[in-house]
Amino acid sequence: GEALNTAFVPGRFPLPSVSLKKRGAGMHGGGGVNPAEVGTLSLEFHSLARATKRPEFDAGPDDVRRRMAATVTLLNSSLVPLSLKSSGGAHPTGRVSLGAMGDSYYEYLAKSAILDPRLRPTAGAMFKAALLEIEQQLLVPREHGRTFLAEASMNGRRGRPAGGASAGGGP
C-alpha cells in the first residue's frame, strides 16, 4: 500500500501511473484522469486503511472526496465527464457517459456509502443526486415504450444513444 499511496498527491486527483520500482506516480496519455479510476482507488484505499488499521491510507481518498465534491459543485452537475484534470478541475466540454469508464464512478459512490459509515452522508447524497440527473438528462424515452441511454456533454447538449443500447422496454 505504501508504494501505491504515492498516487495520492495533495491538491490533485490520484495520478494514474505508479512506478513501484521508483515509488513515484505520474501521468500517462492525454493528461486527464478518469473518474472511475479515481473512485476505485479511493474505495480500495479506504478499505486498506480499515483492514490494516493504518489511518494514513485514508488521507489521500479523503482529499479526493473533498476535491470531487468541489468539482461537482463547480460544474453545477452531479454528472461528471469521462476525463478530469489531474489538478482537480473538469474539462467543461467533456463527454458524460454511462458506457465504458463512465458508470463505474457512480458505482463506487454507492459502494462507498454502503461500506463506510463515515462516507455514507456525502457519498450517498452524491449518488442520489447523480441518479436523479441520469434519469433527467441521459434516459431518453422513444416510441413503443423504449428508453435509450444517451451520452451528453458538460455544456448540456444531449448526444446520441450510448452504443445504441436500449435501457429498458423493447427487445
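What is the mean pLDDT of the protein chain, and what percentage of its residues reach 70 or more? The mean is 79, and 81% of the residues reach 70 or more; pLDDT is the predictor's confidence in each residue, from 0 to 100. This is a predicted model, so to speak of local features we need pLDDT of at least 70, side-chain atom pairs count only at pLDDT 80 or more, and totals for chains, interfaces and linings use all residues. Residues are numbered from 1 along each chain as its sequence is written, and side-chain values use heavy atoms, with hydrogens and water left out.

Colour by pLDDT and select strand E8 (residues 158–168): its mean of 48 is the lowest among the elements, while H4 has the highest, 90. (Elements are DSSP runs numbered from the N terminus: helices are H or I with at least four residues, strands E with at least two.) Now pick residues 163–171, where the pLDDT is below 50; beyond near neighbours in sequence, this stretch has 16 contacts in the model (heavy atoms within 4.5 Å).

Next, the largest nonpolar core: 28 residues, with Phe 13, Met 68, Tyr 105, Tyr 106 and Leu 138 having the most contacts inside it. Such a core is a set of buried Ala, Val, Leu, Ile, Met, Phe, Trp, Tyr and Cys residues joined through side-chain atoms within 4.5 Å; buried means under 20% relative accessible area, with a 1.4 Å probe and protein chains only. Helices H1 (35–52), H2 (56–75), H3 (103–115) and H4 (120–138) and strand E7 (147–153) each supply at least two residues. H2 gives the most, five.

Now show the aromatic rings. The whole structure has three aromatic pairs, counting rings of Phe, Tyr and Trp (its six-membered ring) with centres within 6.5 Å; planes under 30 degrees apart are stacked, over 60 edge-to-face, the rest tilted. Select Phe 45 and Phe 57: their ring centres are 5.8 Å apart and the planes sit at 70 degrees, so the pair is edge-to-face. Phe 45 is in helix H1 and Phe 57 in helix H2, 12 residues apart. Both Phe 45 and Phe 57 are buried.

Of its 16 lining residues, Gly 39, Ser 42, Arg 65, Leu 109 and Ser 112 lie nearest the centre. H1 gives the largest share of the lining, five residues. A cavity here is a set of points on a 1 Å grid over the protein atoms alone where a 1.4 Å probe fits but cannot get out, and lining residues have an atom within 4 Å of a point; points are joined across faces, edges and corners, and the volume is the space filled by probe spheres set on them.

How values were computed. Buried < 20%, exposed > 50% of the residue type's maximum accessible area, 1.4 Å probe, protein only. 1 Å grid on protein atoms, 1.4 Å probe; cavity = no way out; pocket = protein on both sides within 12 Å on 5 of 7 lines; lining within 4 Å.
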